[in-house]
Amino acid sequence: MTSTEKGILVSIIIPVYNASAHLRKALDSVCQQTYPSFELILVDDGSTDDSSAICESYRNSDPRIKVLKQVNAGAGPARNFGLEHAAGDLIYFMDSDDWIEPTLLETAAKAYQDKPYDMFVFGYNKVSEDGALINKILPPAVSIDDLPNQQDRLAEMFTTGVGLAVWDKVFRADCIRQNNIRFGKKKRTQDFVFVMDALDQTKTIRACSESFYNYRLIFNINRKFDENIVDNHIENYQRILNFFKQGYSNSRIATYLLTLRTLWFGIVVPINIVAVKQMTEADKIAQLNLMLARLKNCNDKQVLQNGRLSGKFAYLNRLLNIYNKHLLYYIARIMQVSRRKFKISN
């Protein structure tokens, strides 16, 4: 099947590793799309459960499905392997434990037919492990035709919570291919680096204020410590600061950067640190102290002055600014317990 025969062809790439618990729902959600012109590329990343058999059964039932196999290397290399075999005009990545709504591909293809874009962004639902809705994340319906000169509109969109994952957007394939944009080998923040590399080459973005993706939150109570979590988040925050560096005086951009700073270093990283059972309280506080020390070097006065936060984020931002590692530790403990017990997302 080619794009000229069936209209715009969408390549969907799913890395699969020991995903048998939720894989069928993910694959059914693709096969039941209202838009038929797609290819589904499943990359079996060395699964040892029933995932391989599930992939093969779906391939045998639908000619649009391809199954590739590789020795276990992680989601990033698996996605890259899928990209090498993708023939579509548009590229979409999804995860094997999530699912998409029936009209996603139809909406993305129609938007591209109406006015070609480099990136199509949409909303998503945060759901519990059993699929129950927790909350919706919806971007404003905006059209950006000259991203380098409209970064404030991108920042406004990203402030809603979309934008830094790959599964809440569809990419123009030529933009990815011609600029050789690929995923790295890091287990964490692969999506972020890929998206930022794509944004560096993006001029046109369309955003749809509908939720088409269902992101399953699985709370891991036996979390292992990621020794690179502080370094990775500091490095990534510096990357996004550099991307928006010409717009620190713009309140929309400053607010987004301050929101992201507070989310990552007031919630995400502290919760990940305090959740590790194998570390002592003293070691956890030491890690938070390291994070706060590193964060000082990433602060920009214009961002701190021009950003506007409210509610929980305003409080956490003030907490970060006083660099109190002990208070941050105890608040993170409360957030971590509440998040798991009451299924609260960030």
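A residue counts as partly exposed when its relative accessible area lies between the 20% under which it would be buried and the 50% over which it would be exposed. Tyr323, with a relative accessible area of 26%, therefore falls in the partly exposed class. The model in which this residue sits is a predicted one. Its chain has 346 residues, 54% of which count as buried, and its secondary structure comes to 14 helices and 10 strands.

**Overall form**
- The radius of gyration of the chain is 20 Å, close to the 20 Å given by the globule rule for 346 residues, so the chain is as compact as a globular protein of that length.
- The C-alpha trace spans about 60 × 45 × 35 Å along its principal axes.
- Among contacts with a separation of 6 or more, 80% are made by residues 24 or more positions apart.

**Surface and charge**
- The accessible surface of the chain comes to about 15,400 Å², and carbon and sulfur atoms hold 48% of that area.
- There are 44 positive and 37 negative side chains, and the centres of these two sets lie 7 Å apart.

**Helix α6 (residues 151-159)**
- The buried residues in α6 are Gln151, Leu154, Ala155, Met157 and Phe158.
- Viewed down the helix axis, the buried residues of α6 fall within an arc of 160 degrees, so they line one face of the helix.
- The packing partners of these buried residues include three helices by name, α8 (190-200), α9 and α10 (251-274).
- Strands β6 (119-127), β8 (143-144) and β10 (205-216) also pack against the buried residues of α6.

**Asn232 in helix α9**
- Asn232 belongs to α9, which covers residues 229-243.
- Its relative accessibility is 8%, and because residues under 20% are classed as buried, Asn232 counts as buried.
- With neighbours within four places in sequence left aside, Asn232 is in contact with Lys186, Arg188 and Thr189.

**Tyr323 between α13 and α14**
- Tyr323 is located in the loop that runs between α13 (311-322) and α14 (325-342).
- Apart from neighbours within four places in sequence, Tyr323 is in contact with Arg261, Leu292, Lys296 and Asn299.
- Tyr323 and Pro102 are 221 residues apart along the chain, and their C-alpha atoms are separated by 46 Å.

Key:
Residues numbered from 1 in each chain as written. Predicted model: local features only at pLDDT ≥ 70, side-chain atom pairs only at ≥ 80, totals over all residues. Heavy atoms only, no water. Helix = DSSP H or I, 4+ residues; strand = E, 2+ residues; numbered from the N terminus. Rg over C-alpha atoms; globule rule 2.2 N^0.38 Å. Buried < 20%, exposed > 50% of the residue type's maximum accessible area, 1.4 Å probe, protein only. Contact = heavy atoms within 4.5 Å. Areas by Shrake-Rupley, 256 points an atom, 1.4 Å probe, with all protein chains shown as cover. Lys, Arg positive; Asp, Glu negative; His and termini not counted. Charge placed at Lys NZ, Arg CZ, Asp CG, Glu CD. Arc of directions from axis to C-beta.
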